[in-house]
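Subject: Structure handover

Hello,

Here is the structure I said I would pass on. My notes on what was found in it follow below.

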Amino acid sequence: MRWQGTLAAAALLALVAASFAPAARLGFVYDDHELIVDREAPRGLEIARVFAERHWPTLPYYRPIPRASMLAQKALHGDDPAPYHAANVLLAAAVALAALALLRAPALELPWPLALAGAALFALHPIASSCVYPIASGRETLWPTLFEILAVIAYLRPRGPALGLCLAATGAALLSKEHALILPLLFASADLLGLS
């Protein structure tokens, strides 16, 4: 049975990589200019400043994890857009694998073919391209989505070490985007449905 999981994960990774590979040829768009191109590359631990700043100077958003990931890449790659797009493709693949893991979690335990189909539909739905092609807004969606799915997976597992993972993933999701505030509602819904 383990081979089914390995095969499903490999197929999902191949689908995501093949679908979003064209992103590597794209440039910067929209918010990418404000959040990447117009920013100075941080030096050393200077990147930690994002945890004390607003995401946008004029808006009350607080998204230090996506900003830190973009600024870390700015320090490594400068203004070459290809590595940023490649990172978004990798994040999209991680989200797809997390969706597969959620669909296979003991609380849901879908058969491998259905779990793979569900994760593929989630990852390759046309709206998912808006999470890969624009770098900044994609990063602001991919990071919290990954952490939110991991938090739900951990919450659905029996208590113990998984609770620590659930709290860590919830905290990381909240540091990624404000829509992670929905997690307590998801946890309560899982309790009401008897899934947790």
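Please keep in mind that this is a predicted model.

Exposed residue in a loop

A52 has a relative accessible area of 71%. Because exposed is taken as over 50%, A52 counts as exposed. It belongs to the loop that runs between α2 (31-37) and α3 (64-77). A52 and P64 are 12 residues apart along the chain, and 8.3 Å separates their C-alpha atoms.

Helix pair

Two packed helices are described by the angle between their axes and the distance between the axes. For helix α4 (residues 81-104) and helix α5 (residues 112-124), the axes come within 8 Å and the crossing angle is roughly 145 degrees. The crossing of α4 past α5 is right-handed. On the α4 side, the contact is made by V95, A96, A99, L100, L103 and R104. On the α5 side, W112, A115, L116, G118, A119, F122 and A123 take part. Sorted by class, this contact has 11 nonpolar, 1 polar and 1 charged residues.

Largest pocket

The volume of the largest pocket is about 180 Å³. Its lining consists of 13 residues, and V95, F122, A128, C131 and L142 lie nearest the centre. Elements that give two or more residues to this lining are α4, α5 and α6 (135-156). By class, the lining has 10 nonpolar and 3 polar residues, with no charged ones.

Regards

Key: Residues numbered from 1 in each chain as written. Predicted model: local features only at pLDDT ≥ 70, side-chain atom pairs only at ≥ 80, totals over all residues. Heavy atoms only, no water. Axes fitted to C-alpha atoms, helices over the stretch in contact; angles between N-to-C directions. Helix = DSSP H or I, 4+ residues; strand = E, 2+ residues; numbered from the N terminus. Left-handed = near helix turned anticlockwise from the far one by under 90°. Contact = heavy atoms within 4.5 Å. Nonpolar A, V, L, I, M, F, W, Y, C, P; charged D, E, K, R; others polar. Buried < 20%, exposed > 50% of the residue type's maximum accessible area, 1.4 Å probe, protein only. 1 Å grid on protein atoms, 1.4 Å probe; cavity = no way out; pocket = protein on both sides within 12 Å on 5 of 7 lines; lining within 4 Å. Points joined across faces, edges and corners; volume = space filled by probe spheres on them.
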